[in-house]
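Hi everyone, thanks for making time.

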Amino acid sequence: MLNPITNSRKNILLYTLVWVAIFTAHLYLISLAGTMPLWFRFLESFLNISFLYALGIGIWHITVAQKNESAYSPERWIGIFVTGLIIISLWQVFTGGIAWLIDNKSDTYSRIFLTILPYRLMFGFFTYLTLTIIYHNILVFNEISTRKLREEQLRSHLAEQELNMLWSQINPHFLFNSLNSISALTLSDPMKAYDMIIRLSDFLRFTINTRDHQLHTLTEELEICDRYMDIEKIRFGTRITYEKILANECRQLTVPRLIIQPLLENALKHGAYETLKHCTIRLDCQKEEDCLFITIKNSYDPESVQLKKGRGVGIENIKQRLQLIYPHKGTLTVNKTTDTFIVTLQIPINTENA
Amino acid sequence: MKHPINAIIVDDEPLARQLIKKFLEVWPEIEIIKECSDGFEAYKALSENHCDLMFLDIQMPRINGFELLEIIDNPPLIIFSTAHDEYAIQAFEQNAVDYLLKPYTADRFQKAVNKALEKFIAGEKQNKLLNEAMQKPDHFLNRIVVKEGSRVEILPVDTLHYLEAADDYVVIRADKGQFVKQRTMKFYTAHLDNEWFIRVHRSYIVNIDQIERIEPYSKESYHIVMKNGDLIPASRSGYKALRERLHF
């Protein structure tokens, strides 16, 4: 990990400025302890402060080296304390010793040195401790944010996978029954078979190529729905009526891919697969304030025994997808009257894409 | 001319029926006497006509293919034709002549019909189907189809009150009345959703929605009073199962 001070020019400058200020203060303060020539005060201050200046940068590496020990163990903090005491004492022994030698081992300096010593020890130790704590916090913070980032990545990855799973459930029975119908048409009505193959291909292309994009326009979505309903109409013949009402202002609104088609499939499952009566499916798209409302109504035969699980799974899938794409905003509600099923999708309008 | 073979095609998709009809044109001895779009129509057709061969889809409105087989008495030779591959093994276990997976080739269809013709000429009959394995174990029954004289009743499982064992049969008590079905208690224990259906006794399975109250009978046994007033004994293990399910 990079040293937080030396990794940017701005930080080095700031750090240096702080120490220049301390140097100036030191220059003045030592004059209170006794009279010294100005050049000597300069030299003495420079020796002391430059050591602390270097130490301040060095502590980072000591802290990083200790980072693997548990962050708040007493051993660690005792270690930090003892290291600090030794370093600060050595600092005074060295700088004091050098200054004393330069001043020809004078008694005057010895006296001044001893007067200042307790203050300098305190200040040095305080600086050491403060920097250690700051560095320590930076480390912990970094670690937490890295972990958070990783968790976030993991979560979005999971969500993506989940989404893929949710919409990859193209019904194999629909596919094989359609192919069977086509095979029948090739013998009786080749042009119609040709037509149905194209529609089925369009539909499959839509459902297979959707992995990369979550959203597309309502017009595109309804295109898929039309293809799908075309095929089902050929399969079930006159038993199905499909009507759709689309307000003009809704055309370019974005919706999650393949969010409506499964609902139509569901409607058919209960309206056409489970009864021989005529089944009418009505799709209605309206914009209200900042939401898009898509309603799918289908008639069903109240006498037929509904498969309990059938509707549940499809509806649950859509609910989960809405939840993943629009947390707390996209909803799906189901209402049932004696002969009609009404499913309403509420999708928030993303103004940037509107 | 040979005696014609009477065939019925059962499929809810018109094009699927049309294809079979087209393929059958090469056999003049096979006469299509009826086309049906669900199990109900097929049941009616079977009781009104003599039928030798039936092409049968599985997923259909109202009564599905397997349910139809449960209620007919003298089943014809059967060729399944469906997009559901998961039922193939069960279909063969039930002595179906063949199992066509949609979509199929003309060759494959021909093979199936030839097999049926061989069986027909040899005078083989379709065995009465005992489709204990009809549904996958992870798929509970939604309804039970029963026959009352010539009438067919569909009983959604949530209208059932309880089931009682009677020799080789099971007596089913439901909103619509009492019906007899040739099945085992073991089958229903496995195929009714155990969230709602508890085997309270060797001879009884109850729908817990239909329980009025449970009262002690003797020192170690209990009686279940149903909403319709019927009394059902609960064994010690049955009582335990009820307690676990109803948390009392």
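Before we look around, one term: when I say salt bridge, I mean a side-chain nitrogen of Lys or Arg within 4 Å of a carboxyl oxygen of Asp or Glu. And keep in mind that this is a predicted model.

Across the interface of chain A and chain B, the rule finds one salt bridge. For polar contacts between the two chains, the count is five residue pairs.

Now, who's on chain A's side of that contact? The largest share is from α5(A), with eleven residues. Sort that side by class and you get twelve nonpolar, seven polar and five charged residues.

Stepping back, the contact takes 24 residues from chain A and 30 from chain B. Together they bury about 2,400 Å², and carbon and sulfur atoms give 58% of that.

Let's go inside. The largest nonpolar core has 71 residues, and the ones touching the most other members are A:Ile260, A:Ile294, B:Phe55 and B:Phe109. Helix α7(A) gives this core its largest share, nine residues.

Zoom in on B:Phe109: leaving out residues up to four places away in sequence, its contacts include B:Phe23, B:Trp27, B:Phe55 and B:Tyr104.

Last stop: there's a second, separate core of 28 residues, with B:Tyr43, B:Leu68, B:Ile72 and B:Val152 among them.

Methods:
Residues numbered from 1 in each chain as written. Chains lettered and ligands numbered in written order. Predicted model: local features only at pLDDT ≥ 70, side-chain atom pairs only at ≥ 80, totals over all residues. Heavy atoms only, no water. Contact = heavy atoms within 4.5 Å. Buried area = accessible area lost by both parts, 1.4 Å probe. Polar contact = N/O pair within 3.5 Å; in protein donor to acceptor, adjacent residues only side chain to side chain. Helix = DSSP H or I, 4+ residues; strand = E, 2+ residues; numbered from the N terminus. Nonpolar A, V, L, I, M, F, W, Y, C, P; charged D, E, K, R; others polar. Core = buried A, V, L, I, M, F, W, Y, C linked by side-chain atoms within 4.5 Å. Buried < 20%, exposed > 50% of the residue type's maximum accessible area, 1.4 Å probe, protein only.
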